[in-house]
Amino acid sequence: MSKIAFDHALPPLPENKRIALVAHDGKKSEMCAWAKKHADALKPHSLVATGTTGSLLEQELGRPITKCASGPLGGDQQIGALIVDEKIDMLIFFWDPLTAQPHDPDVKALLRIAALYEIPIACNRASADFFITSGLIGKSYPRRVGAA
């Protein structure tokens, strides 16, 4: 089986990021607590979330969140489409590794697209903490599709 080779330049990630926030049901309270803890660091960035998570985050942060559909109703796919359309720069996805999800194929597709488009992905509180406190969070960052 041969590997498909391609290399497609993309605009660099901007200084002010468009951050997608997604959390499975068992992780929504953890996501809200994380966002509240880092509210100041999140201020310069635009936030997009799947439906229920976005509504909870709006209440927690007191700021507007662009909301997609709920994950099982296609929200994960909507976030993936926004990545392809170059409208998402980071993905913070608190997923629950101990609970089977009926939309696991959508989750896998979202993570695949984020990896393909060199979108930084945090899948738990620790990695999200590292992201939000990184010196790169407020800087432009070069990327390309199919980066090797």
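The chat below covers one lysine and then some salt bridges.

A: Before you start: this is a predicted model, where local features need pLDDT of at least 70, side-chain atom pairs count only at pLDDT 80 or more, and totals for chains, interfaces and linings use all residues. Residues are numbered from 1 along each chain as its sequence is written, and side-chain values use heavy atoms, with hydrogens and water left out.

Q: Where is lysine 17?

A: Lysine 17 sits in the loop between β1 (8–13) and β2 (18–23); strands here are DSSP runs of E, at least two residues, and helices are runs of H or I, at least four, numbered from the N terminus.

Q: Which side chain of opposite charge is nearest to lysine 17?

A: Aspartate 89, 6.8 Å away. Lysine 17 is buried and has no salt bridge. Buried means under 20% relative accessible area, exposed over 50%, partly exposed in between (1.4 Å probe, protein chains only). A salt bridge needs a Lys or Arg side-chain nitrogen within 4 Å of an Asp or Glu carboxyl oxygen.

Q: What does the side chain of lysine 17 reach, then?

A: The backbone oxygen of glutamate 15, at 3.5 Å. A polar atom of the lysine 17 side chain also lies 2.9 Å from the backbone oxygen of isoleucine 137.

Q: Other topic. How many salt bridges in the whole structure?

A: The search finds 7. One of them joins glutamate 60 and lysine 36 at 3.6 Å, N to O. Glutamate 60 is in α3 (residues 51–61) and lysine 36 in α1 (residues 28–37), so the pair ties together parts 24 residues apart in sequence.

Q: Is lysine 36 buried or exposed?

A: Exposed, at 52% relative accessibility.

Definitions and conventions:
Lys and Arg count as positive and Asp and Glu as negative; His and the chain ends are not counted. A polar contact is a pair of N or O atoms within 3.5 Å; within protein, one must be able to donate a hydrogen and the other to accept it, and residues adjacent in sequence count only if both atoms are side-chain atoms.
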